[in-house]
Protein chains: 6
Amino acid sequence: MDKILPYYKETKNEVEIFENCYKEKLPFLLKGPTGTGKSRFVDYMAAKLDKPFYTVLCHEETSATDLIGRYIIKGSETVWLDGPMSLAIKEGAILYLDEIAEARPDIIVAIHSLTDHRRTLFVDKTGETVKAPDSFMLVASYNPGYQKGFKELKPSTRQRFVAFEFMYPNAETERDIIENETNCDSEIAKKLVKVAEKIRNLTELGLTESVSTRLLVDCAKLINVGMNPRLAAECAITAPLTDEEDTRDALNDLISMIL
Amino acid sequence: MDKILPYYKETKNEVEIFENCYKEKLPFLLKGPTGTGKSRFVDYMAAKLDKPFYTVLCHEETSATDLIGRYIIKGSETVWLDGPMSLAIKEGAILYLDEIAEARPDIIVAIHSLTDHRRTLFVDKTGETVKAPDSFMLVASYNPGYQKGFKELKPSTRQRFVAFEFMYPNAETERDIIENETNCDSEIAKKLVKVAEKIRNLTELGLTESVSTRLLVDCAKLINVGMNPRLAAECAITAPLTDEEDTRDALNDLISMIL
Amino acid sequence: MDKILPYYKETKNEVEIFENCYKEKLPFLLKGPTGTGKSRFVDYMAAKLDKPFYTVLCHEETSATDLIGRYIIKGSETVWLDGPMSLAIKEGAILYLDEIAEARPDIIVAIHSLTDHRRTLFVDKTGETVKAPDSFMLVASYNPGYQKGFKELKPSTRQRFVAFEFMYPNAETERDIIENETNCDSEIAKKLVKVAEKIRNLTELGLTESVSTRLLVDCAKLINVGMNPRLAAECAITAPLTDEEDTRDALNDLISMIL
Amino acid sequence: MDKILPYYKETKNEVEIFENCYKEKLPFLLKGPTGTGKSRFVDYMAAKLDKPFYTVLCHEETSATDLIGRYIIKGSETVWLDGPMSLAIKEGAILYLDEIAEARPDIIVAIHSLTDHRRTLFVDKTGETVKAPDSFMLVASYNPGYQKGFKELKPSTRQRFVAFEFMYPNAETERDIIENETNCDSEIAKKLVKVAEKIRNLTELGLTESVSTRLLVDCAKLINVGMNPRLAAECAITAPLTDEEDTRDALNDLISMIL
Amino acid sequence: MDKILPYYKETKNEVEIFENCYKEKLPFLLKGPTGTGKSRFVDYMAAKLDKPFYTVLCHEETSATDLIGRYIIKGSETVWLDGPMSLAIKEGAILYLDEIAEARPDIIVAIHSLTDHRRTLFVDKTGETVKAPDSFMLVASYNPGYQKGFKELKPSTRQRFVAFEFMYPNAETERDIIENETNCDSEIAKKLVKVAEKIRNLTELGLTESVSTRLLVDCAKLINVGMNPRLAAECAITAPLTDEEDTRDALNDLISMIL
Amino acid sequence: MDKILPYYKETKNEVEIFENCYKEKLPFLLKGPTGTGKSRFVDYMAAKLDKPFYTVLCHEETSATDLIGRYIIKGSETVWLDGPMSLAIKEGAILYLDEIAEARPDIIVAIHSLTDHRRTLFVDKTGETVKAPDSFMLVASYNPGYQKGFKELKPSTRQRFVAFEFMYPNAETERDIIENETNCDSEIAKKLVKVAEKIRNLTELGLTESVSTRLLVDCAKLINVGMNPRLAAECAITAPLTDEEDTRDALNDLISMIL
């Protein structure tokens, strides 16, 4: 019986690169803005390679303990609770650290020993050293757009990864994605992609991040249930992108010329 | 027996948008200044859709634990206490995160997995993954006026919501609201709305936030119990809005020309 | 038997405003510099309305827990200890949050739900929701002179209060206060008020706060027990106001021309 | 039997002022640089008034708890331990808060209620309100030279004290102090005072604090045990005052012209 | 039976220096950028000298406790758990503190007493003083490129080490390393070294750290499994080095001229 | 039987000053750069005066508790553990606070009461007041080179010490030290001292701290075991002093002209 893979539209040759990194046991870093499919791609690759898969969305308070594990009090007993990193190593899974640059500095200890010739994790709280099996793979993502000089991956961490830069999908791919996810009218999908293209080229708008495919999908969903397309785009595209009155008006003008 | 809805005066088409988002399981973000009825609107929609409803007013110390739950010591036992997010998911309710941009960064972990195709909440402390039922809806609000560049919603969080911008109600609506809430003289309501209109147009006053309908209602209440209208407006409108002597005098002059 | 009210000299119409707010269940905010009688006024109103009365002097570390309550260990038992806000609600008292802008941000959660149509307090630690009786009133004070741009009341909090600005009392009132509190010679009281008037007009001195009635009272007390008036004024007025040599000399010169 | 007072040389009329404040139950604030005898004066006054006396040297981490008291674990029991403020109130003693501006902000809660008409201390941890007896007196000191704009006493706290500015003693007084404390040769004392006078006038040296009487006493002691006077002055006066080579040389030159 | 040493290519005379420091019981400090083989060198020396070997990767939260040890709760007992520094001393091992400048300041207490004539470690939590055997050696590394003025080794710590500066290997050595680690075609190794040489000379690119040998090895591995050399270099060299579009294009141009 | 003192070469008259301070019970402060023998001098004086001796190396996290003592859990009991300050007082020992300016502010409480006429330590955790015997002496060191304006000893603390400034030893003394510690060739010692002298005069190099005698000793040791003198100096002198390429080359040039 064939396995059905989740839907993923390749944009360049990221599948080949990922597979080669997996073969060569090289950690993999996904760079790129919000909504370019980084997380979905890892999801897809885990399914394609038929591997168990752990995701950790890192934030300012994610620490090594969150990844590795901790002792917790359960009733009157103290029991050890493996974190996602320990679980992923034990099962030979893919561990995906989403937005790795946000995490606290102590996670590098775990990452460094896992990403060089040692491929081991030292669990200081138990004194145990766990060897990662060949099938374990570390994947991480980060968004260069957020990092404003002081919150970056250290070069000594960064240079441990093979990296790939995700960008917005091309028009055809994006149309396919929208139609596939919403069953919307093909004309609508085409127009939404055109809207996205125009907005992404308007670098003078100064948006921190430009319109993602996710927003187009949300917009198509609202149009599908009968909303006026311009109103749908105002709520699903313009309002999530900006709070500036001028930028908002410029985006809405642009939308009303196409939709 | 008919259900009686709380009083809410629609300003544009926010009811339709909200209902469509609910149907399409899209998270909803309310943007706009203080006192434009954001919270009341969510209150109204919960009643209209006849759904249970949880509000969390976020502040600088609201963390994922506050939303999800924690173990507490009760007598000599350790018991788990669900937070409002866990409760809302279990009951298929609306969860309203008021002023979401104020909360601590770790809440995004809970929000991200709830707002994409997964619609799940991972409770790390119990190791449980809770699937949100179709009837669960996440609603959030934030006030672009507060965010001064460093305290913003991340684009990767923001782009997960359909958004709607609340503004001050138009004159007629606002008059209705004041009369409905205070039973005041219709002439007074009209004049108060005129005062508000004038103040909102005086952008050169540099007010962080302009006069909200709430202030007009408070003022009408004080007039109702017999206070001099100008004195009532000084206390209920001018003094809550500014500490600057010049601005105060300008506002009071403006008020005394109308009231 | 008649109740004897504490001494309070009305400066404008703050008594009427306060009573109307109490009637209309509107929260009340007192603005103004140190020593203009804000706390004494609340004290007086509580007595006049014959209500129990709780004061919390807020500072940088006052949190919601301090207001609402906490579990404490008492012997081998864990018991709940109500904070002043919980007590005030239960007794239908006046709760006075002095220098509210100094407190930690999480107190707004308690304040917001108490100051809108809900008039409830949610005690997260016990899971209880307490409804404030009609007789409960929230009063707060803050000093616009301290707030230097970054420590302010949020507009969304501020606009929940009816506000009144306290200023230094006029000459006659201030004379009455000094005589009433110290039984000093009426000529001395008159001269001290003249000193205060002059200092308050010398805005070029750059004092963070000008001379309060309290300082005049202290000075009158020292003169009463036989101290040289100029020396008394130096210790009770000049030295508490400034550390700058030039300002000190200017103040002492001014004093020696009058006393 | 007569009580022997500790040695203290009055510089102006601080004894009279202190006694009047004590009589009138006014809190007393000592301002002035290091080594001008502030602490010794309070010591002296406590003896003169024959009162028990508590000193707290405040620093960046002194909190209300340190002053008021705390529960501690003693064996298997929890016992309450009064802090110096509670003890001083109970005994009707003098409480001296040295360098009060250094302490943490929550101490103002305790200070405010003790320094106005209430004269009470609210012990939040026990729920007790303690009334200060008439014989209790609060004394504080602070050094305007340290406070660089952001670490100051709030005006609302400051204006609760009668204040007195301590300066370096005049030549005759200082000579007396040195001789009294060291039994040194009167000629040496005279020369040391001359050295101090010269250094204090050299404001162009930019010393944060100038030479205190304490340094002169230390120097006299070293000379007393046979050290070369210039060497003694170098170690006891110059080196504690500065690390700058130029300033050091200037001070040593000045010393060698006199000693 | 001969021991097989891990592969290490000496760049200058670091082996001799290390051995002499070991003989003379002098602590050794490795300076230099990421990927110049600092950690591998210590690994090699430990094997060459046939010594047990402990590595600690220091980060912003590494404290003396992490190095020395702590009490932990195990079941119902409190047991002492030696940290890597205590273990290394007890076994007379090499202790390697990688990126020492990142650690918290309290580690200097442990380091200072171990690196002067005392050669002891004081374990404050147990009150024990441990004498390091002659065979114990302290080795540390740090990267001058990271330290931006405020996060540096104190001179009083730094001057306790003999130091050696690691640089990128010369062309021949680097070629050997690549071939040895990947079994790649010798022509490819040669070209990759040429790429590295060019990039390292392009100081105008403003890279925080330049290309390390590790990146060349990763690239060779990807080429080995059949990837297009330019694509491999883009993922393994360019993308880990920069997020800047201009820099990326310049690096890719340079790569495509050689590969 | 005669006691053998540790080796110490007096540079000026610090022995006499220290002994006089000990006699007069005056606290003693050692100022000066790294490696000028401050710690060794205190070590020597303790031996010379035949006194027990406690050293505390202060850092950013050293607090009063670290000095005074704490309650610890030992098995199921709570026991008091004296800190080095309490121990030193009880034994009438010398307490040496190395780099005192690094410690946390609360240590001044302990220091102030120990360094004025009281000579007592108040142990707040036990409520005990300990009187220091005449034989107790407080010694501290600090390095003016580190203190960049915001981390300084307060004048009110500083003026409690007699101070002495340590400088690098003169040529003859330094030669003696090197030969004594390494048994190296006298010609080598002479040359190393010459190197040091040159470097110390090159103030235009901008070194935070110049070459200490310790570095010369390390260098002599490496030469002793057969290393090339220039290479030894590069590792033992240049590399520990600087990371700047220009400074490094200048130092190495200077070294190669002498060695």
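This is a predicted model: local features need pLDDT of at least 70, side-chain atom pairs count only at pLDDT 80 or more; totals for chains, interfaces and linings use all residues.
Local features need pLDDT of at least 70 and side-chain atom pairs count only at pLDDT 80 or more, while totals for chains, interfaces and linings use all residues; side-chain values use heavy atoms, with hydrogens and water left out. Residues are numbered from 1 along each chain as its sequence is written, and chains are lettered from A, and ligands numbered from 1, in the order in which they are written.

We can begin with the two copies.

Where chains A and E meet, 33 residues of chain A are in contact (heavy atoms within 4.5 Å) with 34 residues of chain E. About 2900 Å² is buried between them, 53% of it given by carbon and sulfur atoms; buried area here is the accessible area (1.4 Å probe) that two parts lose on being put together, summed over both. On the chain A side, Glu24(A), Lys154(A) and Gln159(A) lose the most area to chain E, together 21% of what that side buries.

The interface of chains A and E also holds 3 salt bridges, each defined as a side-chain nitrogen of Lys or Arg within 4 Å of a carboxyl oxygen of Asp or Glu. Lys31(A) forms a salt bridge with Asp243(E), with the closest N and O atoms 2.8 Å apart. Two or more residues each come to the chain A side from α1 (14–24), α5 (107–115), α6 (155–158) and β9 (162–165); these are DSSP runs numbered from the N terminus, helices (H or I) having at least four residues and strands (E) at least two. The largest share, 5 residues, comes from α1(A).

Within chain A, an automatic or database assignment gives domain 1 (14–165) and domain 2 (171–258). Their centres, taken over C-alpha atoms, are 33 Å apart. Here 6 residues of domain 1 are in contact with 4 residues of domain 2, and the area buried between the two domains is about 410 Å², with carbon and sulfur atoms giving 37%. The domains share 1 salt bridge. Glu181(A) and Arg40(A) meet through their side chains in a salt bridge of 3.0 Å, N to O.
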